[in-house]
Amino acid sequence: MGRTDQAQSGAFDPTLEGDALLPATERRLESSLGIDELTTAEFLTLLNEQDRTAIDAVAAVIPQVAELVEIAAARFLQGGRIHYFGAGTSGRLAVLDAAELLPTFNLEPDLVVAHIAGGEQALIRAVEDAEDSQQEGRQAAAGLGPLDVAIGLTASGNTPYVGGALSAAREAGSVTALVSCNEFASLAPLADFNVVLHTGAEVITGSTRLKAGTAEKLVLNGFSTALMVAVGRTWSNLMVSVVATNEKLRRRTIRILMQATSLDEQAAREVLARCDGELKVAIVATIARVDPEHARSALADAQQSVRDALRLLDAPPRS
C-alpha cells in the first residue's frame with residue numbers, strides 16, 4: 001500500500017514529518033483540541049471516554065493472544081521462559097507485570113523476565129535514547145533459546161531496542177510476538193504473532209502512556225494471567241499459589257483454604273500448620289484425604305496443578 005492509499009484508508013494522518021507519514025499514535029485527536037480550555041471534570045471525562053478505546057482494541061486481538069498463551073504454556077511446561085522487551089512506558093509496564101507474578105502465583109525467578117531499554121535506572125528516570133540501541137536489544141536477548149517466547153512491546157512498532165531483541169530471539173529459534181499500536185509497524189516481519197492494538201490518536205498528541213499504554217497493560221494482564229491459569233497456578237478462581245509474605249496474605253491463605261475445602265478457620269489453620277504452610281499441599285491433602293507427603297508427591301507429578309494432582313489421587317472433583 002502506498003502512502004496515498006494509507007492516508008485515504010485512515011490508518012495514517014496525512015501530516016508529513018519529513019518524508020514519512022505519521023502513525024496513528026502520533027496524530028492529533030480532533031476531540032481533544034483545546035483541552036487547556038476545559039474544566040478539570042470535562043478533561044477527565046474526555047480521558048475516560050478515550051480509555052474505552054483501549055478496551056475495545058484489546059477485545060479485537062483476543063484470538064491472537066489466546067493462541068500465543070497456548071503456545072507459551074506448552075513451552076513453559078517444557079522448561080521454556082517468557083521474555084518481555086520494551087522501552088519507556090512499554091518497558092515499565094513489562095517490568096511491573098513480570099514482578100507481580102512472583103507473589104501472586106509463586107512464580108520462580110527468571111521464568112517470566114522483563115527487559116527494559118536503559119536497565120533498572122530507566123524504571124524511575126527516563127532514559128529516552130536507550131530505545132534507539134538495536135545492539136542493546138540484541139544483548140538483552142542473548143540468552144534465549146528455542147523453547148523461549150519473546151514478546152516485544154512498543155506503541156509505535158518501530159523501536160530499535162525491541163527490533164534488536166526480536167531479531168536475536170528469532171535467530172535463537174524462539175517464538176516471537178510484537179504488541180504495538182501501529183498496523184504498519186516496521187518490526188512486524190520479526191514477529192510470529194503481530195498483535196496490533198487500534199487505539200488511535202492520543203488525547204495529548206504522541207503521549208502513548210495514555211490509551212496505548214493502557215491497552216498494552218491489558219494485553220499483559222490477560223496474557224500472563226491466562227498463562228498462569230493454563231500451567232496450573234490457580235485452582236478454579238482461587239489464588240492457590242499465593243506467597244504469604246505479609247499478614248494480609250497470611251489471612252488470605254487461610255481464607256482460600258476454607259473456601260476450597262469448607263473447613264472452618266481453626267481446622268484450616270491446623271491443616272496448614274501440618275503442611276508447613278503450603279497452601280496447595282493443604283488443599284490436596286484435605287480433599288483427597290491423604291497425608292501431606294502424598295499430597296506433595298502428587299503435586300510434583302502434576303507439575304504443581306491442584307486439579308491434576310486431585311485427578312491422580314482419584315479425589316472427587318470440586319472447586
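How many of the ten residues of helix 10 (residues 279–288) are buried? Nine of them are, so helix 10 is largely enclosed by the rest of the structure; buried here means under 20% relative accessible area, exposed means over 50% and partly exposed is in between, with a 1.4 Å probe and protein chains only. Keep in mind that this is a predicted model, where local features need pLDDT of at least 70, side-chain atom pairs count only at pLDDT 80 or more, and totals for chains, interfaces and linings use all residues. Residues are numbered from 1 along each chain as its sequence is written, and side-chain values use heavy atoms, with hydrogens and water left out.

**Overall picture**

- The chain has twelve helices and seven strands, taken as DSSP runs (H or I of at least four residues for helices, E of at least two for strands) and numbered from the N terminus.
- Of its 319 residues, 46% count as buried, and the C-alpha trace spans about 70 × 50 × 35 Å along its principal axes.
- Among contacts (heavy atoms within 4.5 Å) with a separation of 6 or more, 62% come from residues 24 or more positions apart.

**Confidence**

- The average pLDDT of the chain is 91, and 92% of the residues score at least 70; pLDDT is the predictor's confidence in each residue, from 0 to 100.
- Residues 1–20 are the stretch to watch: pLDDT stays under 50 there, and the model has 34 contacts beyond four places in sequence for them.
- Where pLDDT is low, the predicted coordinates should not be read in detail.

**Helix 10 and its surroundings**

- The buried residues of helix 10 are Leu279, Lys280, Val281, Ala282, Ile283, Val284, Ala285, Ile287 and Ala288.
- They pack against helix 8, helix 9, helix 11 (292–301) and helix 12 (306–312).
- Just after helix 10, Arg289 takes a positive phi of about 55°.

**Helix 8 against helix 9**

- The axes of helix 8 (residues 247–261) and helix 9 (residues 265–274) come within 9 Å and cross at roughly 105°; axes are lines fitted to C-alpha atoms, for helices over the stretch in contact, with angles from 0 to 180 degrees between N-to-C directions.
- That makes helix 8 roughly perpendicular to helix 9, on a scale where under 35 degrees is roughly parallel, over 145 roughly antiparallel, 65 to 115 roughly perpendicular and the rest oblique.
- On the helix 8 side, Thr253, Ile254, Leu257 and Met258 meet Glu265, Ala268, Arg269, Val271 and Leu272 of helix 9.
- The residues of this contact divide into six nonpolar, one polar and two charged; Ala, Val, Leu, Ile, Met, Phe, Trp, Tyr, Cys and Pro count as nonpolar, Asp, Glu, Lys and Arg as charged, and the others, Gly among them, as polar.

**The aromatic pair**

- Searching the whole structure turns up one aromatic pair.
- Tyr84 and Phe223 form it, edge-to-face, at 6.4 Å centre to centre and 65° between the planes; rings of Phe, Tyr and Trp (its six-membered ring) pair if their centres lie within 6.5 Å, with planes under 30 degrees apart stacked, over 60 edge-to-face and the rest tilted.
- Tyr84 sits in strand 3 (residues 82–86) and Phe223 in helix 7 (residues 211–230), so the pair ties together parts that are 139 residues apart in sequence.
- Both Tyr84 and Phe223 are buried.

**Buried polar and charged side chains**

- His115 is in strand 4 (residues 112–116) and is buried at 15% relative accessibility.
- Beyond four places in sequence, His115 is in contact with His83, Tyr84, Phe85, Gly86, Ala140 and Tyr161.
- Arg233 lies in the loop between helix 7 and helix 8, buried at 10% relative accessibility, and its contacts beyond four places in sequence include Phe105, Glu108 and Lys280.
- Ser32, in the loop between strand 2 (20–22) and helix 2 (40–60), is buried with a relative accessible area of 7% and touches Leu46, Glu202 and Val203, leaving out residues up to four places away in sequence.
- Asn182, in the loop between strand 6 (175–180) and strand 7 (193–196), is buried at 5% relative accessibility.

**Positive phi outside glycine**

- Asp110 has a positive phi of about 70° although it is not a glycine; Asp110 is in the loop between helix 4 (88–105) and strand 4 and is exposed at 53% relative accessible area.
- Asp314, in the segment after helix 12, has a positive phi of about 55° and is exposed at 69% relative accessibility.
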